[in-house]
Each structure stands twice: as C-alpha cells, then as structure tokens.
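Please look over the sequence and structure shown below before reading on.

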Amino acid sequence: MRTPDGLVVGRGLPSILLRVAIFVVGLAIVLVPLLEGTTLGTVVVLVPAVLASVYAPASPAPAGVVVVVALLVALADGDPLRAEVLVLIPLVHLFHVTCAIAGVVPSDGRVHVSALRTPALRFVLVQAVVFALAGLAALLPAGRVPVAFEVVGLAGLAGIGLLLIWLQRAK
Amino acid sequence: MIDPADAASGAGGRRQNRVQVWFSARRAARTEGWRRTDALVRGVVCGLGLLVVGMVMHRLELVLIGLPLLIGVLLARPPAGTPTVVSRQRPDTVDAGRADAVAVTVSPGDGAAFMALRMPLPDTPGVGPVHLLPAEAGEVRTKVTWNAWGHGIYLRPDYLFASADALYVWGPVVGIVQQHTVLPPIEPLPPGPLPPRAAGLVGAHRSARPGDGMELRDIRPFQSGDRLRRVDWRVSLRAAAAGGGTLVPSTLHVRERHAEADADLVLALDTRLDVGREVMGWSERPTGASVRQGGSLDLGVRAASTLAATFLRHGDRVGLVDLGHPRGGVPVGSGRRQLERIRHQLVHAARRVAGSGDAVLHTTQAPPGATIVLLSPFLDDKLVEVTTRLARRGRLVVAVDLLPAELAPDPSTPWGPAVLAILRAEHHVRIAALEEHGVLVVRWDGGPRIAAVLRSARRRQRVGR
C-alpha cells in the first residue's frame, strides 16, 4: 500500500499463485493443439514442458513450450488467423511473462498486486499492437508474395536482430 | 633495435590479453550488475526465431505467436544504475508486546520495475518471506509486534531488482542482518509484603525492630537516652494528672516507632531445563527460537521479569540467581536500572540451556534475610536438596512450580504413558518433600497467588518469632 511516507508492506498473496497461473495458462495452451487433433506431440513434448515450467519458471522449459506449441499449430493446416491461433497469441505471451515474473520470486514468497499493474499494462499494450498487426494481415490479399517484399521483410528482420544486439550492448 | 621475434611475441601477448579481458568481462557480466535472464533469451531467441521461420516458411501463425515476445523485448529499456537497499537503524532493545515499524530505504536505480525484497510480515516477528513489490524509490516498511522475548534477527533485507518483464535482474544480494533483544514482558501483579530485613534501617517495609519510622510501635515511660522530641505530651500530662498533678520524670512517656527497612527478594531461575507440554520434545532443542514458547523456561523468565518489576517498583531490592550458571546472576539491587539488568540477564541466561548439570545456589548468593523465590519445573532431586537446605536454615523460600499442568506422553513409544506416570509420581514426591520442609509451593498461573503466598509466609514468620 502506497502512503505519503512510503510503501507499507502488507501480507500480499502467496507467490505459489504465480506457479498456479503458469499451470493454468499452460493447461490452456495444451488444450489448443489437443482440440485441433494433435495428440502425440502435445502429450509427449508439450505437457512435460509445461510441468517443467511450473517447477522451474527460470529455465529453458518455457522456451520449449513456446516453440513446440507454435510448431504444432503451424503444422496443423488451416487458416493462419483461425480462432485457435488468435487464442494462442495472448496465452503464449502470458505464459512467457508469468514465467519471467515467477522466476524472480521464491515459491514461498508473497506477491503484491501493485507490483503486477505495470506488467499487466505492458501486456495489454503489446497485445493491442499484435492484434492490430493481425488485423492488418487479415486485410492483405492472399497469394504469392513478390520477391522484393520477401527481401525487404528478411532485411527488416535482420535489422531487428541488429537492433536487439545494439540494445544489449547499450547495457 | 627491436627483435622481430620479440615484436611478434609481444603482439601475440597483447592479443591474448585482450581476449582474456573480453572473457573476464563476459564472466563478470554474468555475475555482477544487471544481468540478462532466461526471459530475455527466450524473448529474443523464440521471438526472432519464430519470426524468421514463419517468414521463410510463409506461416503467419509462427509470426503472430513470436511477435509479442519480440515486441516485449524491444520495448524493454535496459536498466542502469546501482540499486541499493539501506535499513534504518533501530534501538538494540525493545519491550515484548510493543509494536513498531521496521523500515528500509530503497533506491532502485534507473529502469527497475520490480523488486523482490525480504521483509517481515505485518505483526509477525522474524526476517519474513520475500515480497514482490513495485520498484519505487523511498521507504518500505512493515509494522511488527514483538510478542516473543529473546535475542534474535528482526530484519535481513535480501533483495533482487528486475526490469520490466523481468528481462534483466540485479542480485540477489544478501542484506545486512539487524539484531535486537526483546526484553521479557512485565505483567501486572499485586505485590505481597516481603519480610523486612533491617540492613540499613531505611526502606519501604516496617521492621520488627524499633527505629525512626512512621508507624507507632508502643508508648512507654521515658528512659535515659530517649530524645525529647519523642515525648508524647498528651499521655505524659494525663499520667501526671493521675499521679497528683506534678510533672516529674517518672510520668514522662515517649512514643516508640518501628524502624523501616529494605526487603530483599532473590529470584532463582532454573535455566538447566526447558520443558514443554509434549514429553517427546524435551530432549530436542526448539527450532527457530532460543526457548520453547509456553515452556517452563519461557514461563519462568516471564514470571521472574514480572516479580522483579513489581517489587522493584515498590522500592525493594531484587537479585537474580541463575541456577544453571552460578556466575550468571545479578546481585541484589534496586531501581530501574536493576530491572533492565535483570531482564537482559534473563534473556542471556535463557540462551544457555544446558539440559543437564546440578543446580547451584550458595548461601552467599542470597543476602541474609532475603526471600528466595525458586522458579523451576523440579525434575531433579538435587534442586530439592538445595531448596530444603535453605529452608532448614530459616530462609523464607517460595517454590514456583513451572512444570506444565497438562503433559502429553510420548506417542512414539508404548512406554510413553508409563514414563509420564513415573515422572508425575516423582514430581509429586519432590513437591511433597518441599512442603514438608516448610517451603511454600505455588504454580505460576498469572501471578496474584504468589502475592497471597508471600503474605501468608510473612504471617507464619511473625508467628514463628
């Protein structure tokens, strides 16, 4: 609780709830490929990765969840803007952010809701940008992409990569 | 002239040095200052990787799933500065039951979004859990009530700072430990009158001897050596009238008063044992505290603190004897500082529970005429011998039995109830032996009873005289 004299620490919520949130979001992520009919990859790879993420959020396990679920959805043929994909976009992002936050606080700690306000706003902002781009993609004509566009796109990606390296070096 | 071979080796050495410097800088970057987390690696690798694969394979799903991760990393500003957490110094001692704020001053640096800070929970003593809080500059505090007495750590502000989405972290850093002593509580207790001891002929208690006090002792004929200001003129004139009306030396009467004296109270605490309700745990040391909460030593320390405070407040002289450590006592004294001395010594004595050894209480540790209050669970015969020896020498001894009333047998063995029955029988025999030797035995159940016991002891002593 913020007062004019400073921050007064209350009891907060048990930080195990963050792990519960990871589990719940992970379960929702697992359900999407299952509903699409992909069972083998989901059960063999995705479920253990989700459970490992619950146990150790600051580990490579959440990365495994993100990559595997993306590949499973991509391999299942269908409309790239179908409902399953649109549901997965916020779920995967939420899984990523929750794992990141859970990784900095021990499981027997306490979480104060005031600490989660800024990440929640960032989450909403990022999702708004992504869904705007998804809406833009829905408006674009389907068909063969000109080579020039492909080259520009790949060059843009290379630029983003360089920008990321520069940001890290700037630290 | 420079040898080309030396120049070549010099250039090679410089290159090697630069490589070493680069590697050591990379190693330092992984362990010091702001460090990248798995979340950042995940955001960059998964986000960028899915984008690239999605574009190459023309799969929009991959691009859309990877995009939020990448945007999150791009929005994150790399933090800078050195976060610090400084704890506010507090007094070294605090009274049990008192509430106060424990505070630290946080300076999160530039770009920190969260902090994981170890702080006590409200109204719960101890260093507490790690709290996930927003990283804001200023004071962070918790209100804590210290109900358990003893010496301990009340704050260790371990901290870790994290940037937005926990992509970079600083720490964890182990905080500086803050310790203090919580002095035993003082419960309200009506004081019982102690037998006076005419040491200085001054004090708060009426002595049996005549003196210069306020209370009337007798009116008697004038004797050689009596002061004139003590002559009771009303009685003297009445005696003169009865004897013919002439005031002669034989008709003079003086008022005799009681002397006022100090009363000494010696509190003898048995610090060798700390037993609780569960017999099974008697041989184990309590975890997380120096004494068992509600155990015999906890009760004994609270009782000793209360008795000392009550009698010192009424001007008596109080001392402390540590039965487990003969040198650990406090000689009798009076005043507020004596109370602080006794309470500190009680905390110190309770940290040294030996669990064995003989009780030591020499006559030199208690001044002649002092009332001795023995606080013990009376689980050994040696202490009973010491106590009865004091009583036989004419000392007024009050035994406060600290053995928990409801004992639970050890459930891990079928002999638990039998062991408990033997313990109870032996304890009963010891208490009976004490009472046979004139020792007053009382259980500590709040306090008023001990005042009544001291009052009755005083009456018995008067009758004895």
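Seven strands form an open sheet of mixed pairing, in the order 3(A)-4(A)-6(B)-5(B)-9(B)-10(B)-1(B), where strands are DSSP runs of E with at least two residues, helices are runs of H or I with at least four, both numbered from the N terminus, and two strands pair if DSSP finds at least two bridges between them. Its edge strands, each pairing on one side only, are strand 3 (13-14) of chain A and strand 1 of chain B.

This is a predicted model, in which local features need pLDDT of at least 70 and side-chain atom pairs count only at pLDDT 80 or more, while totals for chains, interfaces and linings use all residues. Residues are numbered from 1 along each chain as its sequence is written, and chains are lettered from A in the order in which they are written.

| Strands | Sense | Bridges | One bridge |
|---|---|---|---|
| Strand 5 (112-118) and strand 9 (159-163), chain B | antiparallel | five | B:Ala112 with B:Ser163 |
| Strand 2 (6-8), chain A, and strand 7, chain B | parallel | two | A:Val8 with B:Arg141 |

The contact between the chains takes 54 residues from chain B and 61 residues from chain A, two residues being in contact if their C-beta atoms, placed from the backbone, lie within 7 Å. Helix 3 of chain B gives the most to the chain B side, with 14 residues.

Within chain B, the C-alpha centres of domain 1 and domain 2 lie 35 Å apart, the domain bounds coming from an automatic or database assignment.
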